[in-house]
Amino acid sequence: MSKRKKLIPVLSLSALLVTSALSMSTHHYYNGLLPKEYFISDAIFTDEETSNSYESSLNSTLVNSLFVPQGLTFNEDFSFISFYDYSSINKSIIKVFTHDGRLVNTFTLPNRGHVGGISYDYNNNLLWVASTYGTVDAYRVNDVICNDKFIPYYSKLDLGKGLPNYTNPLNNSISYMTIYKDQLFVGNFQLFQKGTVKRYKISIDSQQNVNLEFLGSFLVPDRVQGLTIYEKDDDTYLLLSRSFGNGVSSSLQIYKYFDYIKDYTNPLLVSKCFKFPSMMEQVETFDDKLYSLYEYESKIYGGSKEDEYVLRVSKI
């Protein structure tokens, strides 16, 4: 196996934020296809053992099929990676791994949705999954870990109304999501226009009925494929993965997050931007590290090539 073929990229978030402050002057990034300047560190090393374990577990899914990885999230014990079938023949799946890369289960979803975002809800022990037609589902985590398929605990929660593609029946799925504390964030991909992220407060009553209270929305740049929110030293950060196209570099754009900001495309806002391999999808934080997921290794995008990535393991 080529040493250039990696799995989950793991970056120290503290180092990422501190190094960017020391190594870059402050930039104001405008809403465009690619930022013009990047900070690129030479201090990268690879966790080969973890990388090889994940790759061995993923091999049959990616190389011998048209499944494409889209979303990832974590709880204390497991990693969850979602896939859709590019051919639309098979239903979408979630692969469950231990944190050292051992495959535990393959869970089949009840639809062929793009599953562009999944997120673990620590407060309620639920796995939220982007579904079809602007809806999301929520599963009890044990059902996903222990069964080959199971009905959602909460099904077809319609959150897409107001997103740019909601009225387009062919392209109105929720493209990415994350959960921060008791809030659910959902958005969808826009190639040339500003994207919209909607924010909901999650509450579950004594009868186990779920309520999603709409708290507002904000604009993000184009080409957003994933987002997550991270806290460090009393500051809160919004991290956006931005990519489109095979062979075109992805970027990770980082803003300070405030819930009163309604437009993160405002050129007066300060952000930091980092260059990543192409086709970066969901980003997630866990144990003070940043994880990012790539479509590269799937067969439909040429995964048999030795110099391409699925997910990369690295620390800065």
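Student: Which side chains meet in a salt bridge with Asp263, and how is such a pair read?

Tutor: Side chains of opposite charge can pair when their charged atoms come close. A salt bridge here is a side-chain nitrogen of Lys or Arg within 4 Å of a carboxyl oxygen of Asp or Glu. In this predicted model, Asp263 pairs in this way with Lys194, at 3.8 Å from N to O. Strands (E, at least two residues) and helices (H or I, at least four) are DSSP runs, numbered from the N terminus.

Student: Is Asp263 buried, exposed or partly exposed?

Tutor: Buried means under 20% relative accessible area, exposed over 50%, and partly exposed in between (1.4 Å probe, protein chains only). Asp263 has 24% and is partly exposed; Lys194, with 37%, is partly exposed too.

Student: How many salt bridges does the structure hold?

Tutor: There are 6 salt bridges. One of them joins Lys256 to Asp235, with the closest N and O atoms 3.6 Å apart. Lys256 is in strand β16 and Asp235 in strand β15 (residues 235-242), 21 residues apart. Lys256 is partly exposed at 40%, and Asp235 is partly exposed at 26%.

Student: Which residues do salt bridges with shared partners join into one network?

Tutor: The network consists of Asp222, Arg223 and Arg242. Within it, the closest N and O atoms of Asp222 and Arg223 are 3.8 Å apart. Asp222 is buried at 3%, and Arg223 is buried at 3%.

Student: How many aromatic pairs are there, and how is one described?

Tutor: A pair of aromatic rings is described by the distance of the centres and the angle of the planes. Rings of Phe, Tyr and Trp (its six-membered ring) pair if their centres lie within 6.5 Å; planes under 30 degrees apart count as stacked, over 60 as edge-to-face and the rest as tilted. The count comes to 14 aromatic pairs. Among them is the edge-to-face pair of Phe185 and Tyr257, with 6.1 Å between centres and 75° between planes. Phe185 lies in strand β11 (residues 183-187) and Tyr257 in the loop between β16 (250-256) and β17 (271-276), so this pair ties together parts 72 residues apart in sequence. Phe185 is buried at 0%, and Tyr257 is buried at 8%.

Student: What is the mean pLDDT of the chain?

Tutor: The term pLDDT is the predictor's confidence in each residue, from 0 to 100. The mean is 81, and 77% of the residues reach 70 or more. Over residues 19-46 the pLDDT is below 50. Where pLDDT is low, the predicted coordinates should not be read in detail.

Student: Which rules apply to the numbering and the values?

Tutor: Residues are numbered from 1 along each chain as its sequence is written, and side-chain values use heavy atoms, with hydrogens and water left out. In this predicted model, local features need pLDDT of at least 70 and side-chain atom pairs count only at pLDDT 80 or more, while totals for chains, interfaces and linings use all residues.

Key: Contact = heavy atoms within 4.5 Å.
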